Every structure is written in C-alpha cells, then in structure tokens.
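I opened my notebook to look up a few things in this structure. Here is what I looked at.

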Number of protein chains: 2
Amino acid sequence: MSLSTYTVTGMTCGHCVSSVKEEVGEVPGVTGVEVDLASGRVDVSGETLDDAAIRAAIEEAGYKVAG
Amino acid sequence: MSLSTYTVTGMTCGHCVSSVKEEVGEVPGVTGVEVDLASGRVDVSGETLDDAAIRAAIEEAGYKVAG
C-alpha cells in the first residue's frame, strides 16, 4: 500500500474536487483519492502508484500540480 | 419569445456554469441559457418563462440569485 500526496492549484469548488477524484481514480493502481479543496491537498492511495500517470490525470482534469 | 436575465452569485468555474445551464435548461418552456461566469449574468430565453421555477432551478444547482 502506497500513499502519495500532491498539492493541486486551480480547484475552486466541489465540482473541481469531483473532477480530480474521477480522473485520478481512473489511473491504474489507484484505489483511493482524497481531496481537500481549501488546501489543494490530494492524497492518492493504492498498491502501486504511477506518479507520472497521476500527475497527467490531474492536468487532464484541468488543474496544475504544484511542485 | 421572452428573455429574462438573472445575476447569480457563487459560480466559480466552468463546472458551475454547466450546472446552472443544465438545471435551468430543464425548466419547462426554457429553450436557451447563456451564462457569463465573470459577471454571474444568466440570460434565459424561451416562449414562456416561469420566473419562480427558474430561480428554484438556480438554487437547486447550488447558487444564489442576487436580487
């Protein structure tokens, strides 16, 4: 079980949170996604996590990964 | 053909615009909905417009009608 945390900018509302959860949740290996809108914190859990694919999914949803 | 304009607060992104368009678009009699995110302006067109139903739809989408 792995856990990766990202800081995502550009999310402004619950719809944005849902979009990020949906896109990241579709990445193979991901079993859980938690998003805190206020801080932009995105916690991703799964057996094996593909960092590049998760970052790509966040950007595909229309948001930026900070750092 | 009638046109009504509302000022809606609380929309923060394109998802919010889509939600308002969808909810208002389902009100009987409504044939067109245009939303300007920056100003909150919502233009609703149709043959006969039910003002109360349109306001209710906007609030159901999660936003407030100003005035």
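**Entry 1: the annotated domain.** I began with UniProt, where an unreviewed entry places the feature "domain: HMA" at residues 2-66 of chain A. UniProt positions are given here in the numbering used for this model, feature names are shortened, and annotations may be inferred rather than shown by experiment. I noted that the model is predicted: local features need pLDDT of at least 70, side-chain atom pairs count only at pLDDT 80 or more, and totals for chains, interfaces and linings use all residues. Residues are numbered from 1 along each chain as its sequence is written, chains are lettered from A in the order in which they are written, and side-chain values use heavy atoms, with hydrogens and water left out.

Next I checked the make-up of residues 2-66 of chain A: 34% helix and 37% strand. Helices (H or I, at least four residues) and strands (E, at least two) are DSSP runs, numbered from the N terminus. The end C-alpha atoms of this stretch are 20 Å apart.

**Entry 2: salt bridges.** I searched for a side-chain nitrogen of Lys or Arg within 4 Å of a carboxyl oxygen of Asp or Glu. The whole structure has 4 such salt bridges over all chains. One pair I looked up is A:Asp51 with A:Arg55, whose closest N and O atoms are 3.0 Å apart. Both lie in helix H2 (residues 51-60) of chain A, 4 residues apart, about one turn of the helix.

**Entry 3: where the chains meet.** I counted contacts (heavy atoms within 4.5 Å). I found 6 residues of chain A touching 6 residues of chain B. In chain A, the most area is lost to chain B by A:Thr12, A:Cys13 and A:His15, together 77% of what that side buries. Buried area is the accessible area (1.4 Å probe) that two parts lose on being put together, summed over both.
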